[in-house]
Amino acid sequence: MSSRDRGRAWPRGLQAALRYVAMAVLALALFAVILLLAGKDPIQAYRDIFTSTLGSAYGLSEVFVTMTPLLLTALAVALPSRLGLINVGGEGQLYLGALFATWGALRFSALPAWLLLPLMIVLGMIGGALWALPAGYLRARGIVNETITTLLLNVVAPSIVAYFVFGFWHSPMDTNKTANFAAAARLPTLGGTRINLSLIFGVVLLALFWYVMARTRWGLEMRAIGGNPGAARRSGIPVARYLVGVMMAAGALAGLAGMAQVSGYYGVLLVNFSRGLGYMGFLVSWLAGGTPLGIVVTSFVVAVILTGGNLLQLTGDVPYAVINILLATTLFVVLARPSLPRRRKVA
Amino acid sequence: MAKVVKFDIPVRTARLLGFLTGAVGMGRWMKAGAGTQGGETLPRLSLPVLQVRELCKRFPGVLANDDISLDVFSGEVHALLGENGAGKSTLVKCLYGYYQRDAGEILVDGIAAPLQSPEEARRHRIGMVFQNLTLIPALTVVENVALFLPDLPVVPSLTEIAARLTMLGERYRLQVDPWAQVQDLSIGQQQKAELLKLLMAEARLLILDEPSRVLVPHEVEGLFQVLRHLADDGLAVILITHKLEEALRAADRITVLRQGRVAGRLTRAEASEDKLIHLMFETELSNLSVDRSRPAELAAAPVLELERVSTAARGTAVGLYDIDLAVHAGEIVGVAGVSGNGQRELADLILGDLMCAAGTKRLLGRDVTRSAIGAIRRARVGYIPEDPLTMAAIPFLSVLENMAITRTEHYARNGGWQMDWPAVQREAEAAIQSLGFAFSLTGQARSLSGGNLQRMVLVRELSHEPRLVVACYPTRGLDARSTVAAQKALLAARAQGAGVLLISEDLEELFLLSDRLVVLFAGRIAGAFRPAETSVMAIGRLMTGAGEAHVVP
Amino acid sequence: MTPLALLGVVSSAIFSGTSLLYATLGEIVGERSGVVNLGLEGVLLVSAAAGFAASAASGTPYLGILVAMIAGALMNLILGYLVVSRRANQLASGLALMFFGFGLSAWIGRDYVGAKITGLPRLTLPGLAGLPTLYGSLLRFDPLIYLVLPTAALVWWVLFRTRWGLSLRAVGEAPDTAFAAGRNPGRIRYRALLAGGLLAGLGAAHLSIAYAMNWTEYMTAGRGFIAIALVIFSKWHPLRAIVGALLFSGAVAFQLLLQSSGVQVSPFLLNTVPYLLTLGVLIIWGGRRRNAAPASLGRVYQGAE
């Protein structure tokens, strides 16, 4: 591109940074308008969000708690996206992972933690992988698109969980959830906070993801498939095998997130415990462009928003769910791709 | 200071001058007769529907249409005959407004028509049936037609439209079930529906681009009858084809294009197979001296054997029938033919991307009929596809990474946890140099020019001493120097004992490089020769199906 | 299994399925033009909340219905803006809209949790007035239920018998061809989403105003995704959607029926049947290489749009 084409355009890095800032400002402004319409003070609201999350050690720890499952569910979307697969099934895979892990927790509650927890982890990953297998297989055979399959299975998964909880596992007091997990079935937490071990899993797996994609043979083959499946196929890369395998791996990751939620966060299996964690992971991965670092940053930002929303609820008599509006406006702004004013290119 | 005086020629004068020039030109053309092969054509008294005057169309690096002049009258079927690359499609796309011509004039009914867009062409009642039909598969024929009708009422009466369609269909033998969904119709019927759509829009000039490519033989006959009826009714029809049979059977007049120019014009009475072939193909071959010495071990065991191999036809593509082919180590087998006669299928089949429906495929004696592509690659088969950008390159990966993807196992270290990129770099650079090419290994593959991309694929597939090389149009799009380098590379592969299957449309190249030559037509091997024993004419005949009495199913 | 019990199941299915059917019809219109709305759940929530709030505030349900329809249309227009004008990824935009709907609906509805409204009148068809009270009580439906079948027929008629519907379907199949035929795909998609939003709003209105007659957060309980699955199951055809809606919403009621005949099936498992059925149907189609989906929608599902 000659400099003549760019006219008076600004340097690329500065453009990108300004674009992000502009989008952030726009999103905050949109939400501020909505707050104003409801008679709330946006400045105060933003200040509260900031202090409650980043202003205190506990607040910060809560942000990490919220961020933890997002890392894994986002990775469950980012990994297959490198091959061109769209995995919207994180929600369902999450539930199945939680289901399998719960079975382990209840069945083997007598085992010590150092045996039980790895078992639950493996079970969780198996559950998620199995739930993703049909989608991968059907896509590899060219029968059904994985987007549709995973969406349908998403709807099915909570029903299956409910079946088991109501039918077999529910606690005496409350049919909506199981009995509390034994202490051995709980993922250890960090200090006095609620951050559990799966945060480490998430970070490690993201790093592993980066390494595999960038440095290994399999990463090269996967990127080839994502870049041009036909050419990859003609080069001898076993595309079908990768499609199925990667979907299962993604399911395993989401399943791990599910296990972490019931074992680390809740300590019980609650029917409908996920309010869109899987979908949120999809959006985080999408916003982050599927990059590991982007996922870390984006899930942190999203977690700040979500955690801060708690405080809005407490002080502003605004329901917690309203924080979704801020999240959504941020997404809208990114999706709408506003561009900086630029001179018209010389044709 | 001298004053610059500008002369503004009034527009009307310019038009008048243009008209006079055109009239004079037309007169001259009519007097000069039709083409280089002698024979007077009787000048028609009526004005031609379409007149093309010295049309030129240039693409980067190639002059697709060079000074083409053409007349089409109503009531005639006019064939545009020529090989691939002769310029037929380009010419016709200029007529339909898809391309903007660089020079020359188009006159419709004697009046200059810029024809800068398909809408304009449609307004001049020109209709075109492409190789890719533009019907919407999930809608019915009636709905497709209704969509394109200019004054459709808010609640259209589909039954009325269907009735009109049926009437038109009967008139021109274009019977199609109007209520059928397009995707349920055979390709032949879809073509009919497409024609009906154009006729409903009252087209006067119909252009059909290689319509018989997608038809079975008895449908082809039906098509010719339809064209006859249309012409008898006063329409003008331009039929683009590379098959002599069709031109001779269906056309009233034939214009032969060769390498972008009009090579000749004949009426049906004057035309014969020989004359047409002579016009279509150049008969002199330039003498490029190339070292053709063969390794001592002649005709060793065959590297590739195809025994009675057939494939199922996919959609509009051709299926292969009963292919017997062998490629030995140290020889180049050239496959001649107009593209679309099974070349892509043959290459895909050998690679393992297309499964045999019948027959056996053997590589170095081992039966690989059911083997996966990976296994075939590991047996050291190189594959140069006809469209390297979409078929062989990963655009967003670096060139270096592209060089490694066919051989990931070879370059993997530590069980796959690492890739030996220095080795990839080393070997790639050596291979590039040995071929005399020069392109960067850093940077994404999509930033390479078309020619460099072709070179990249050549380097990748010809390095590491392959046993078999399948090359599809390997020199397409390359400049003269790189073409020679690529041809030398193929010969070098041959010299080190590889078997090479060279699929090409360039007869010169085929005659130059091949030890043996086969012709592919309509999915069959139409003949096998040594280049010394045959001639361009004979090959050309087989390529255009002239050797057969009828088009054999 | 008495006729009364059977009737009870049917009646329950009709009540529960009406909102689903409206939402499905709306989604069919949108998807036929080539736009899939994964945020339908959010659209339904916002419409339900807005409609309910309007009913409670004004005292008349009819205003609530109108407000719900408008809310649905506006929500869909947000999707339209993102997807058509800004060419954003349809899946991501839909999900963003869903979260937006979660939040906005919670906010709109916060003051109205537990409020009471006057719902719609329940009427019996004139011919059935003479039935014994037990039967009669099961056949008393509100006007929106009576309107849903004609609405489905209307949607069918518009899609398949009018010029507008033809253009819409052409855009959904092959936007480039439609453009060559002089249609404006962007404008048509906007209009399709508008119509779809109105229908979805109608469905949400039925849910909160006529059926449940209250508001709680997340009250749609996944109906949006159920509708998306139902669209696939009915092969994007409005009349088939009627059967599907009955089937999908009848599952739970059917379970009660089975129970009364001594067959013990968990309602949750029964709930999964419609979606597994849809998946099964898709697998069968896929094997036959025939895709009933609007052609340009496929590109969405493959991430090309």
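I began with A:Leu75, which touches A:Leu205, A:Leu206, A:Phe209, A:Leu253 and A:Ile295, leaving aside residues up to four places away in sequence. I took contact to mean C-beta atoms, placed from the backbone, within 7 Å.

I noted that this is a predicted model, where local features need pLDDT of at least 70, side-chain atom pairs count only at pLDDT 80 or more, and totals for chains, interfaces and linings use all residues. Residues are numbered from 1 along each chain as its sequence is written, chains are lettered from A and ligands numbered from 1 in the order in which they are written.

I read helices as DSSP runs of H or I, at least four residues, and strands as runs of E, at least two, numbered from the N terminus.

I then followed α11(A) to helix α6 (residues 113–140) of chain A: their axes, lines fitted to C-alpha atoms over the stretch in contact, come within 6 Å and cross at roughly 145 degrees. The residues of this contact divide into 21 nonpolar, 8 polar and 1 charged.

Last, I checked chain B against chain A: 24 residues of chain B are in contact with 19 of chain A. On the chain B side, α11(B) gives the largest share, 3 residues.

Definitions and conventions. Contact = placed C-beta atoms within 7 Å. Axes fitted to C-alpha atoms, helices over the stretch in contact; angles between N-to-C directions. Nonpolar A, V, L, I, M, F, W, Y, C, P; charged D, E, K, R; others polar.
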